[in-house]
Amino acid sequence: MTLTPLASNQAVNDDPRRYEHLSTIRLEDPDAVARAAKARRRHPGVKSGRQNFIVAADHPARGALAVGSDPVAMADRRQLLDRLQIALANPAVDGVLASPDIMDDLLLLGALNGKLVFGSMNRGGLAGLVNEFDDRFTGHTAAALEALGADGGKMLTRICLGDPDTVVTLEATAKAIDSLAERKLIAMVEPFLSVRENGRVRNDLTPNAVIKSIAIAEGLGSTSAYTWMKLPVVAEMERVMAATTMPTVLLGGDPDSSQDEVFASWQAALALPGVQGLTVGRTLLYPADGDVAGAVATAASLLNHTSEASE
């Protein structure tokens, strides 16, 4: 996949100093982040019959900068913030999933008013790390998310039956779920059954593997009252979704097929019971044609908002 640069007329601003004020604020007035969070207008809340659209932007914190064949596509923070602001400007986009650094930037930019906010909690399992499955919680804490007025936290939960570090990640995930539930915050759990091949971690995306990962993940923590699943779109999604009663958002991943094929697979999965919407990042923020606004608009058109008819 070859990326087309973001069209100049889509950028928030093409001045190389366009985000210099963020550095100045961080230097002279770091408390501005907390003030921006406190002043932020909250999202009205999730409801059945209205699927949610959340943009994911937590990949860089795990050292995962690649999109398609470009190994550093997400490295330019100015470009990433441009793309995120284009996506968040679409009123159909309900919110963001981000690591603390990106979340703080977006708060300072005033880009999160009226949006759902999910923090990325475990980013310690760096891409390519020798002990990648020891995915420690190095990002948002439940207490920090509560202070920010966030709606919840997300945790990547890769399960490798051949790696002893898996049990450490499972235990930490369970504790995070409990900590979020104590504050009535959503725990968005993203499980995979994973293996290490030739020094690289690969997620098993066969239906049976995804179903097994769900069975393990939904049993973590002392309560599942506030737990959501974040699942890949795979074959036999009807059978996959039959494995859980938890609200589920669909992830996009690093696209390896055409955009039309990806959107078609999302549309079919969004029609299934229990699917609450999309939580997608690279596929929409870095589309092959560079048209972020167009990709976001197309994805938004796939969502089901049946509750509107009865309001």
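K230 counts as buried because its relative accessibility is 5%, where buried means under 20% relative accessible area, exposed over 50% and partly exposed in between (1.4 Å probe, protein chains only). The model is predicted, so local features need pLDDT of at least 70 and side-chain atom pairs count only at pLDDT 80 or more, while totals for chains, interfaces and linings use all residues. Residues are numbered from 1 along each chain as its sequence is written, and side-chain values use heavy atoms, with hydrogens and water left out.

K230 sits in strand 7 (residues 227-232); helices (H or I, at least four residues) and strands (E, at least two) are DSSP runs, numbered from the N terminus. The side chain of K230 makes a polar contact with the side chain of E190, at 3.3 Å. Such a contact is a pair of N or O atoms within 3.5 Å; within protein, one must be able to donate a hydrogen and the other to accept it, and residues adjacent in sequence count only if both atoms are side-chain atoms. Leaving aside residues up to four places away in sequence, K230 also touches others, including L97, K154, M188 and T279, with contact meaning heavy atoms within 4.5 Å.

Next comes the interior. In soluble globular proteins, nonpolar side chains tend to be buried together. Here the largest nonpolar core has 77 residues, and F53, L106, W266, L278 and L284 have the most contacts inside it. The largest share of this core, 6 residues, is supplied by helix 3 (residues 77-88). Apart from it lies another core, of 9 residues, with L97, L116, F118 and I186 among them. A nonpolar core is a set of buried Ala, Val, Leu, Ile, Met, Phe, Trp, Tyr and Cys residues joined through side-chain atoms within 4.5 Å.

Helix 4 (residues 100-108) is largely enclosed by the rest of the structure, because 7 of its 9 residues are buried. These are I102, M103, D104, D105, L106, L107 and L108. After helix 4 comes G110, with a positive phi near 70°.

P91 and K115 are 24 residues apart in sequence and, C-alpha to C-alpha, 9.4 Å apart in space.
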